[in-house]
Amino acid sequence: MQSPKHVLISLEERHAVNILAGAKQVELRRRTMHVEPGSTVWFYVKKPVGAVVGSATVGTSYSAAPNTVWRKYGAVSGLSRSEFMSYFDGSVVASAMALSAPRKLKTPVTLDAMRAVAPGFHPPQFYCRLDADALTDLLTGR
C-alpha cells in the first residue's frame, strides 16, 4: 500500500482561518499545484505566526482562465471578486485546488520545532512535498 502524500503550503493567516472554518474551500494559485487528490495539505501561516496550524484533504485541481475559475469557485474562494481578479491580474491561467475535511491542530507546530527535527528547513514560497521523514512525523503526531 502506498503511504499517504503530504504537502506543505504557506498562507496568510486569514486564508488559513477561512479554510479551517470551511469558508474557503479552494486554494488558489497563479501556477498549477500538481498534488494528487487524497493528499494531505498542511498550512504554514507566515510570520508573525510562523507555524503550521492545520491541514485539509486535497480534492481535484482545476485550471482555466481567471474569469472561468471565478465563475466555478468564486463563492467558495474566501475572496471578493475584486481581490480574486487583483490576485490573478496579468495571469492567463488561474488554478484552484479543492480542499475538504479541514483539521485544526490542537497545538500549532512552530518553525523552531520544525527546524529542530529538520535543520535548515525553510517554509516554501509555493509548496513543497514532504517525504516520510521526521517533519511529516512531527506534523502527523507519529
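The side chain of Arg129 makes a polar contact with the side chain of Tyr127 at 3.3 Å. A polar contact here is a pair of N or O atoms within 3.5 Å; within protein, one must be able to donate a hydrogen and the other to accept it, and residues adjacent in sequence count only if both atoms are side-chain atoms. This is a predicted model, in which local features need pLDDT of at least 70, side-chain atom pairs count only at pLDDT 80 or more, and totals for chains, interfaces and linings use all residues. Residues are numbered from 1 along each chain as its sequence is written, and side-chain values use heavy atoms, with hydrogens and water left out.

Arg129 belongs to strand β6, residues 127–130. Helices (H or I, at least four residues) and strands (E, at least two) are DSSP runs, numbered from the N terminus. The side chain of Arg129 also reaches the backbone oxygen of His34 at 2.5 Å. Not counting residues up to four places away in sequence, Arg129 touches His6, Val7, His34 and Val35, where contact means heavy atoms within 4.5 Å. Arg129 counts as partly exposed because its relative accessibility is 48%; buried means under 20% relative accessible area, exposed over 50%, and partly exposed in between (1.4 Å probe, protein chains only).

His15 lies in helix α1, residues 13–20. With 13% relative accessibility, His15 counts as buried. Leaving aside neighbours within four places in sequence, His15 is in contact with Lys24 and Leu79.

Two backbone features remain. Ala101, in strand β5 (residues 94–110), has a positive phi of about 50° although it is not a glycine. A cis peptide bond joins Lys47 and Pro48, with omega about 15°.
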